[in-house]
Amino acid sequence: MITLTIDGQKIEAQKGETILQAARRAGLYIPTMCYLTKVKPIASCRLCVVEVEGADGFILSCQAPALDGMEVRTNSAELFSHRQNIMKLYDVNHPLECGVCDKSGACDLQNKTLEFGVAEQEFSARDHKRDLRKWEFIGYDESLCILCEKCVHVCNEVIGDDAIEIFYGGYNSRIQPKGTEELECTNCGECIAVCPVGAMISTDFQYRANAWELEKIPASCAHCSAGCALSYERKYAGACEAGEQKIYRVTNEFEFATLCGAGRFGYDFENRVDGKDEAAFGKAIEAFRKADTIRFTSRITNEEALILQRLKEKYGYRLVNQDAYNYRQFLESYATMSGKTLFGGSLSALADADGIIVMGSRILTDNPAVRYHITMASKRQNARIIYMHPMEDKAMQNVVTQFVKYEVGTEEGVVALLAKALLDGKVDVKKIENFLSDLDEGYLSAESNVGEEELEAIRKSLTRCKRIALVVGEDCINHPRAAQIARLTALFERFGGISVLPVAPKTNSLGVALICDLDSTCGDYTVGYNAPGDFVLSSFGDGDLDMPALNQQEGTFTTLDKRIVPTNVALPYGGYVLNDLASELGVKAVYTIDYTEQLPEEKGFEKIRFDDIPYYFSNRDGEVRGYTLKRLKHPVDSSVEEVAELPEFNGAILYRCDPVLQFGPQTYRTSQLGKEEPTLYGSQQFAIAAKLTDGVRVRLSVNGTEMERVFKIDPELKGTIALNPTFDLGLSEDLLSSDYRYSQSKIEVVGQANE
Amino acid sequence: MSLEQFKDRNVMQNYTYIPVDNPPVEPIEKFKQVVKRTFKGELFVGLWVVFREMVRFNIHTVKYPMEKLPISPRYRAVHKLYRLLESGNERCIGCGLCEKICIANCIRMDTRYDENQRKEVTEYTINLGRCIFCGYCAEVCPELAIVHGQRYENASEQRAHFVLRDDILTPLDFLKEGKQEEFDGFGAVSPNADERIKKTPLAY
């Protein structure tokens, strides 16, 4: 800890912190225009200058480290006029279109222009035609751009797309797509979020509402298991609609948190129900009395999961949720080896890591938040990123330092080989030591196609790393041998000090796995909650009784980060909720959130009321949202099973994988993301293996579920594995979500795409 | 710009007092005043004036609603939405300031990105049932698009009649006939606006 004085106030700072960071943490204000907390200092605006006692001239506080005994002045007449001049220059030829600009009212340029009293303009420059560019979700208005470079830096350092760059040309400088004519990226929209002016805009939101009239509803994203922080911004649905509310856009607290495109653009998946349908409710109660099984997805809140668990305790229902069941099995097996009820990894550990292994996940589409943290680790501390998967992902090339390809189905063997490579000599339990030394490396290497040199390269590149993280994907969790894989991955945590993060496949898989006592098979009569069944409760509007969507509910999610995060009601819902059904059936509570404080403490949850769960952002604490699950002690069983014979997959293989921005039926229902055509993407090689040509319409049957797809050849793909999306399948998507992701299917050509 | 002139809230600065007799306090004084007023014959003076004017047929009563008094341009009655004189386009740019400033919360609008890359106002309503005719909307409007008209009769049988954009927007034929008069009432540009304007060096 060092002490410095800023404007006569003594403050403490950590070593290595910059003056600006120290000042902000102490609550002192230094104006900035280009500074963004989550990226390296950009230093393009020069507004953060300060005076330091004993130093000549002004010093950039965003870059200069705080030193012990330093005396800093953040404000003086010279500094003010310096900053005023900067603002005057920013204002040169800036179009006076605040009246229609989307950013007006939340614009840094407006704020700082007023703050520094720029009432008139002394400078001018001859201007030229500046372009308005529009891509699918993102638009760019060159004339409004102040070239702060925030978008470029966030795209490169946090997202990892590296899709935009500055075109340097003096007064002609602008932002442009990098290396391509049109913008080709994962459409996360983070550039829109960080833009201090209205230059980067959401094409959908443009000109539809103003910043000040939108009401922000703090919530958590319901699409994937990262549960990112976001705000639904709503106002009345139309000038002439009485009382209706609508979400106009989603924003995020971009200084501290990041959001992907699904969260940002896929927000209107609500199920609008105006009145209570008593007849359907009566039938639902009847169905519950008749049923012996409740089948549901993991896209529910913790509270609903607890209601279902209570119903099970009272009526003995079977609770069937395949993906959470698999995840639970994985975690339980993991715990028997690691000695803790939960895994040790977290997103922040990932961002701080200097060596990361991604195993069994197409992480870019599976979980963007994990990918962003990997990118941050790569860009901040140059972390080694080892990506192990049967398919290379071109979009990850920016960060991945080593790609290791293994054969489909051999995950168990690969993890065992990896354990041997990384943990050799670190294991002090005889049984496991023997297991590792007795591994039949020749067989495993041959079957999995992971060579000795590759393993050696991994070992070498990670030897110097102090904080290693392992990301385990859905391929392992839904593997037929998941239990064994879980126990092997736990070895890394137990002996290697590696933080392991199993990526939960769906929004609340972790919560459901912890709260519900799940069963594996259905009985005779099934009530489906957002899942197929004999009586269906559905938030998609197509079931026997309507249920609210996740943006119409309050409650909590358990994220893959082991955090319990709250979400709030963004849109009204007039119908019945699960709690009404449960109350009618004798599991009584006034509100669903009454269950928040009843979440099982023996699983690590805290006894805390929903309204007391924190949700705020501050310069001092960053993102403070929810609480972290406690990791409790678990009995250890050190016996290890032999690696089973590795399966072989030959010929054309389908990989269950939704494209960027799609996570399932919810995203497909939204107005902006629902236009996507479900397409089977494969390589040229796959086309030959499956006897297909580009643009044919094919019929597939994956584990009994039929679907029709347009097949397209993606030149960036290699091998005989094709990406088969499932986001358009509605409720039956749930049937597939727990199977091993690779499958072989008869592919039948039924026609051409445009027929 | 300094806010001094707005911050001076001493409203008595230019006022002069009009001397008024002190009212009587003592009962006897009060009694005297009543007697004086009763028997002075002022009542008959008044009656005489009325009678005189009646026989002269010099009647000043306005025969409302056949006849209406002219009202000041600063009068704030039902709003009007103006059009640009030359193109006939709506002046409203959809900035939303009127909606924001409205203290009765009675203005609502819908806007969108139109085919000409401009912000288009698709719906604009003022709930006259709630409007308190304070004039803030007209004052805040940067385009002089919304102004207060002179139509003060807005009784209706249905609330739905309060009020749609079509009712207050200048009709196009009306505009072509030159009947949209420039507004010099509440919120209009001041007569010396040209002197007050600050020039921005734009080298377009």
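Helices, taken as DSSP runs of type H or I with at least four residues, and strands, taken as DSSP runs of type E with at least two, number 23 and 35, respectively, in chain A of this structure, which is a predicted model. Along its principal axes, the C-alpha trace of chain A spans about 80 × 65 × 55 Å. The radius of gyration of chain A is 27 Å, which agrees with the value near 27 Å that a compact globule of 755 residues would have. Of these 755 residues, 52% count as buried, and among the contacts in chain A between residues at least 6 apart in sequence, 75% join residues at least 24 apart.

The domain assignment divides chain A into domain 1 (2-75), domain 2 (125-265), domain 3 (278-321 + 509-628), domain 4 (326-502) and domain 5 (653-752). The C-alpha centres of domain 1 and domain 2 of chain A are 29 Å apart, and 10 residues of domain 1 of chain A are in contact with 12 residues of domain 2 of chain A. On the domain 1 side of this contact in chain A, six residues are nonpolar, two are polar and two are charged.

For chain B, the assignment gives domain 1 (27-56) and domain 2 (79-188), and the centres of these domains of chain B, taken over C-alpha atoms, are separated by 52 Å. Between the chains, 21 residues of chain A are in contact with 25 residues of chain B, and the side of chain A that touches chain B comprises nine nonpolar, seven polar and five charged residues.

Technical notes
Residues numbered from 1 in each chain as written. Chains lettered and ligands numbered in written order. Predicted model: local features only at pLDDT ≥ 70, side-chain atom pairs only at ≥ 80, totals over all residues. Contact = placed C-beta atoms within 7 Å. Nonpolar A, V, L, I, M, F, W, Y, C, P; charged D, E, K, R; others polar. Domains from an automatic or database assignment. Rg over C-alpha atoms; globule rule 2.2 N^0.38 Å. Buried ≥ 20, exposed ≤ 12 C-beta atoms within 10 Å, placed from the backbone.
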